[in-house]
Amino acid sequence: MSLSPSPLFSAPGPQVRAVSDEFHGDLLEVSMGPHHPSTHGVFRMMATLDGETVVKLKPVFGYLHRNHEKIGEGTSYLGSMPYTDRLDYLCSMTNNWAYALAVESLSGQAVPERAQYLRVILAELTRLLNHTCLAGFLLQDCGASGTPLMYAFREREKILDLFESLSGSRMMCNYQRFGGCRTDAPPGWLEAAAALVGGYGAFLDEYEALLTGNEILMARTQGVGRLPAALAISAGVTGPMLRAAGVDYDLRKVDGYGFYPRFEFRVPLGAHGDTYDRYMVRVLEMRESIGILQQALRGIPAGPIMDPKARLRGFRAKPGEAYGRIEGPKGEIGFFLISEGGPNPYRYRVRPPSFINLTILEDLCLGHSIADTVVILGSIDIVLGEVDR
Amino acid sequence: MESAAQIRERLVAAFPGASVEVVVNPGPAAQDSLLLGPDRARAIAEFLRDDPVLRLDFCSNVTGVDWPAREARPGCLEVVYHLYSMARKHGPVILRQRTADRADQVSVPSLTPVWRSCEFQEREVFDLFGVVFPGHPDLRRILMWDGFKDHPLRKDYVEPDDYEWEPTAHGEVLAKARRHQAAAGEGPGP
C-alpha cells in the first residue's frame with residue numbers, strides 16, 4: 001500500500017509519517033476554512049490527515065490583512081486610537097489602553113487617579129465579557145448549539161450597554177486617550193456597573209453548574225491539546241493560555257501598570273495545560289475580575305479624568321521609542337512606537353497576542369482527531385481582526 | 001535588572017571580538033537597546049536566554065524598522081526584539097540587528113532556533129520588510145499572498161495600480177483614476 005499523498009492534490013506532498021505498519025491509507029489534505037464556522041472569522045488551516053488523525057497542520061493567515069501598521073504610520077497619534085478598536089473587536093477598551101500606555105511612555109505623560117480607576121474598571125469588564133464569550137464559543141464548537149452562547153451573549157449585552165452609555169458605542173469604544181479618558185462616567189453609571197458586577201457571580205455559578213462538571217465537556221477537553229510550560233514560554237504564549245500551562249506570569253502583577261498594585265487579586269494557574277484547564281483558568285480569572293471590580297468601584301475617587309497639560313490634537317512626541325504592554329484578555333497586547341518628533345509615529349507596531357499564541361497550534365493538534373482541532377482552536381481564543389491586522 | 005551598558009560589558013567579555021553596541025533611546029521611556037553584529041548574534045541570543053542572572057526566556061515582540069538612506073546615514077533594515085524574563089520577571093532587554101543595506105544584502109541571522117515565538121513574527125518581517133533570515137525553518141510570506149511582489153511596510157513602497165476601482169469625486173482621486181485608466185488602456189468612465 002502506498003503512503004504517497006493523493007494525486008488529487010498537486011501541492012507538494014507532506015512529509016509522510018507512518019502511523020502503524022498495517023492499517024494505513026492515503027493521507028488526505030483538508031483545507032479547513034477560510035469560511036468555516038469554527039474558525040471564528042476568515043482563518044484557514046491546511047490539515048493533513050491520516051484517517052481522522054492530524055499529522056500536519058499549517059495555519060494560513062492574511063485574509064483580513066489591511067496593513068494596520070502602515071495606516072498607523074500615516075496618521076496622527078490620536079488618529080490611530082479609534083483604529084485600535086478594530087484589532088480585537090471584542091476588547092476595544094484594552095486595545096485602547098495598551099496604545100494609550102505606549103504613547104504615554106513615549107511622551108512621559110501622567111494619568112490622573114480617577115482615569116486610572118476607570119481604566120481598571122473598563123479593562124476588567126472587558127475581561128469578563130471576553131472570557132464569557134469564549135466559554136460560549138468553546139461550547140458552541142463542541143456542538144452545544146445555542147444555549148451556552150446565548151447565555152454568554154445575554155451577559156455580554158449588559159456590559160456592552162454600560163460601554164455604550166459611557167462611550168457612545170457598544171464595541172468600537174474609542175474611549176481612552178493618552179493622558180486619561182475621553183469622558184467622565186455619567187451620573188448613575190458607577191452604580192449600574194456595581195449592580196452588574198454584584199450579579200455576575202450568580203451568573204457564573206449558573207454557568208458553571210451547566211458546564212464545569214459537564215461530562216461531555218470534560219470528555220471533549222480533558223487531555224486534549226496539552227501545552228507544556230517550556231514550549232509555552234519559548235513560543236511566547238501569553239495570557240490565560242500561558243497560565244493554564246502553569247506559568248505564573250500576569251502583567252498586572254509583573255509590570256504593575258495602571259493601579260493594579262492597589263488591588264488584591266490572585267492569579268489562577270492550571271496544572272495540566274490542556275483545553276479544560278484553559279477553560280477553567282478563564283472562569284477563575286473572571287471570579288478574580290469581579291473582586292477587582294468591586295474594589296475599584298468602591299475606591300474610585302472624584303477628580304479630573306484628563307491630564308490638564310495633555311494635548312491630543314497636534315500631539316507630538318519627543319524623538320525616541322517606547323514599548324508599552326498590558327495584560328489583555330487574550331494575552332500580552334503591546335504597542336511599539338518610534339517617534340522622530342513628527343505628528344505621526346515613524347514606526348507603529350502592534351504586538352498581537354492571538355497571532356503569537358497561534359504559533360503552537362500545530363504542536364497542540366498533532367495526534368488528535370480533526371474534530372479536536374476545532375476545540376483546541378476555540379480554546380486559544382483568537383480574533384482575526386488582530387491576527388491579520 | 002542590569003542596564004544595557006552593563007549587559008554589553010558582560011557580552012563583550014564572554015564573546016571577545018563580537019560587535020555589540022548600545023543604542024541610546026533619548027525619549028522618556030529610556031529603553032536602551034543592544035545592536036548586535038551578524039557574526040555572533042545567535043550565540044549571544046542563546047547566552048542571554050540561558051544566563052542565570054538574566055534568564056531572558058521570553059521573546060515578546062519582533063518587528064522591523066525601515067531606515068532609508070539619509071545624509072550621513074546609509075540605509076538599512078532593522079529588526080528589533082523585545083526580550084523579557086518569565087523566570088526572573090524583569091525586562092525588557094531590546095536587541096537590534098541591522099542589514100548591510102536595503103537592496104541585496106538584507107540578511108540577518110534568524111533567532112527562531114533560540115525563541116520559538118520568533119517563528120511567525122520573523123516571517124512577518126520577511127513578508128512586510130523583505131529581511132531574509134538564514135536559519136529560519138519555514139521562511140514564507142505570511143500575511144500577503146505568495147505571488148505578491150514588494151514589501152508594503154518599507155517607506156518607499158508604492159501601492160500597485162492594478163485593482164478595479166470606482167473613483168470617488170475628489171480631485172486627487174480623479175487624477176489618479178485618469179492616470180490608471182490611461183495606463184490600463186481604458187477610456188474614461190461615463
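Predicted model: local features only at pLDDT ≥ 70, side-chain atom pairs only at ≥ 80, totals over all residues.

User: How many bridges join strand 4 of chain B to strand 5 of chain B?
Analyst: Seven bridges join them, and the two strands run antiparallel. Strand 5 of chain B covers residues 90–98.

User: And what about the turn in that hairpin, which residue takes a positive phi there?
Analyst: That would be K89(B), with a phi near 55 degrees. The hairpin has four residues between its strands.

User: What does strand 4 of chain B pair with on the strand 3 side?
Analyst: Strand 3 of chain B and strand 4 of chain B are antiparallel, with nine bridges between them. One position to look at in your viewer is G64(B), which sits opposite V79(B) in strand 4 of chain B.

User: Is strand 4 of chain B mostly covered or uncovered?
Analyst: Mostly covered: of its ten residues, 76–85, ten are buried.

User: Which residues of that strand point which way?
Analyst: C76(B), E78(B), V80(B), H82(B) and Y84(B) point one way from strand 4 of chain B. L77(B), V79(B), Y81(B), L83(B) and S85(B) point the other way, and the residues of both sets are all buried.

User: Zooming out, how many helices and strands are in chain B?
Analyst: Chain B has four helices and five strands. In sequence order the pattern reads α-β-β-α-β-β-β-α-α.

User: Why is chain B described as more spread out than a compact globule?
Analyst: Its radius of gyration is 21 Å, well over the 16 Å that the globule rule gives for 190 residues, so chain B is more spread out than a compact globule. Along the principal axes, the C-alpha trace of chain B spans about 70 × 35 × 30 Å.

User: How is chain B divided into domains?
Analyst: There is domain 1, residues 4–155, and domain 2, residues 159–190. The centres of these two domains of chain B, taken over C-alpha atoms, are 40 Å apart.

User: What share of chain B is buried?
Analyst: Buried residues are 38% of the 190 residues in chain B. As for contacts in chain B with a separation of 6 or more, 50% come from residues 24 or more positions apart.

User: Over to chain A. What order do the strands take in its open sheet of three?
Analyst: The order is 1-2-3, with antiparallel pairing. Strand 1 (28–32) and strand 3 (53–60) of chain A stand at the edges with a single partner strand each, so one side of each has no neighbour in the sheet. The twist averages 20 degrees from one strand to the next.

User: How many bridges are there between strand 2 and strand 3 of chain A?
Analyst: Seven bridges, in the antiparallel sense. Among the facing residues, R44(A) is opposite V60(A) in strand 3 of chain A.

User: Last one: which helix lies across those strands?
Analyst: Helix 14 of chain A, residues 370–380, lies across strand 1, strand 2 and strand 3 of chain A. Helix 14 of chain A runs at about 150 degrees to strand 2 of chain A.

Terms used:
Residues numbered from 1 in each chain as written. Chains lettered and ligands numbered in written order. Domains from an automatic or database assignment. Rg over C-alpha atoms; globule rule 2.2 N^0.38 Å. Buried ≥ 20, exposed ≤ 12 C-beta atoms within 10 Å, placed from the backbone. Contact = placed C-beta atoms within 7 Å. Pairing = 2+ DSSP bridges. Axes fitted to C-alpha atoms, helices over the stretch in contact; angles between N-to-C directions.
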